[in-house]
Amino acid sequence: MGKEWELVVLGKLKWNLAAVTPHDFIEHILRKLPLPKDKLLMVRKHAQTFIALCATDFNFALYPPSMIATGSVGAAICGLQLDDAESHLSGDSLTEHLAKITNTDVDCLKACQEQIESVLASSLRQNRPPTQQRNAVKSVDELDQASTPTDVRDINL
C-alpha cells in the first residue's frame with residue numbers, strides 16, 4: 001500500500017525519478033581525468049556541491065546535465081588549484097579535455113563553468129551574515145513553521 005501511495009503522489013506531482021541528472025556523469029568524467037587518486041574524493045565532493053548549487057538557480061535550466069556536471073568538475077579542479085599542480089590540466093587545456101570527455105562545445109563549457117563560479121561567489125557573499133544579525137533569535141512561530149516545496153494540502157489526489 002505504501003509504495004502504491006508513493007507512485008500516486010509522484011504521478012500527480014509529475015516527478016520523473018528516472019531522469020538523468022548531472023550526478024550521473026561525475027564518475028564517468030573523473031575516470032577520464034589524469035588526477036592523483038588522493039585528490040579524487042575532494043574533487044568529487046566539490047563537484048557535487050556545485051551541482052546542488054546549480055539546481056537552485058534557474059539560469060542553469062537550459063544547460064544539459066552533462067554540461068553542468070562537466071562545468072562543476074572543472075570549477076572544482078580550478079577551485080582546488082589542482083590545475084596548477086598538473087601542467088596538462090591547466091586553463092584552456094583542462095577545458096578542452098573536459099569538453100572532449102562529454103562531447104560538449106568548449107565555449108559553452110567555459111560559459112557554464114564561469115557561471116557556476118559566479119553563482120558560488122554570490123552564494124558565499126549572501127551566506128555571510130552581518131554582525132548585528134548573528135545573535136538574532138528566531139521567534140517560536142518561525143521555528144514551528146514547516147517549509148515544504150509543495151504544500152501537501154494543495155494536492156488533489
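This is a predicted model: local features need pLDDT of at least 70, side-chain atom pairs count only at pLDDT 80 or more; totals for chains, interfaces and linings use all residues.

Trainee: Okay, how many helices and strands does the protein chain have?

Mentor: Eight helices and zero strands. Reading from the N terminus, the order is simply α-α-α-α-α-α-α-α.

Trainee: And how much of the chain is buried?

Mentor: Buried residues account for 28% of the 157 residues.

Trainee: What share of the contacts joins residues at least 24 apart?

Mentor: If you take contacts between residues at least 6 apart in sequence, 74% of them join residues at least 24 apart.

Trainee: Let's go inside. Which residues touch the most other members of the largest nonpolar core?

Mentor: That core has 29 residues, and L33, V43, F60, V73 and I77 are the ones touching the most other members. Helices α2 (23-31), α3 (37-54), α4 (65-79), α6 and α7 each put in at least two residues.

Trainee: Which helix gives the most to this core?

Mentor: α4 does, with seven residues.

Trainee: You mentioned V73. What is V73 in contact with, neighbours within four places aside?

Mentor: V73 contacts I26, I29, L30, L33, V43, A47 and L98. Two of those, L33 and V43, are also on the list of residues that touch the most other core members.

Trainee: Switching topic: how many aromatic pairs are there?

Mentor: A search of the whole structure turns up one. The rings of F60 and Y63 have their centres 5.9 Å apart and their planes at 40 degrees, so the pair counts as tilted.

Trainee: Are F60 and Y63 buried or exposed?

Mentor: Both are buried.

Trainee: What about T95, where does T95 lie?

Mentor: T95 is in helix α6. Its relative accessible area is 7%, so T95 is buried. Beyond its neighbours within four places in sequence, T95 contacts V106, L109 and K110.

Trainee: One last thing, N103. Where is N103 found?

Mentor: N103 sits in the loop between α6 (91-102) and α7 (106-126). Its phi is positive, about 55 degrees, although N103 is not a glycine.

Trainee: Is N103 buried or exposed?

Mentor: Exposed, because its relative accessibility is 72% and the cut-off for exposed is over 50%.

Conventions
Residues are numbered from 1 along each chain as its sequence is written. Side-chain values use heavy atoms; hydrogens and water are left out. Rings of Phe, Tyr and Trp (its six-membered ring) pair if their centres lie within 6.5 Å; planes under 30 degrees apart count as stacked, over 60 as edge-to-face and the rest as tilted. Buried means under 20% relative accessible area, exposed over 50%, partly exposed in between (1.4 Å probe, protein chains only). Helices (H or I, at least four residues) and strands (E, at least two) are DSSP runs, numbered from the N terminus. Contact means heavy atoms within 4.5 Å. A nonpolar core is a set of buried Ala, Val, Leu, Ile, Met, Phe, Trp, Tyr and Cys residues joined through side-chain atoms within 4.5 Å.
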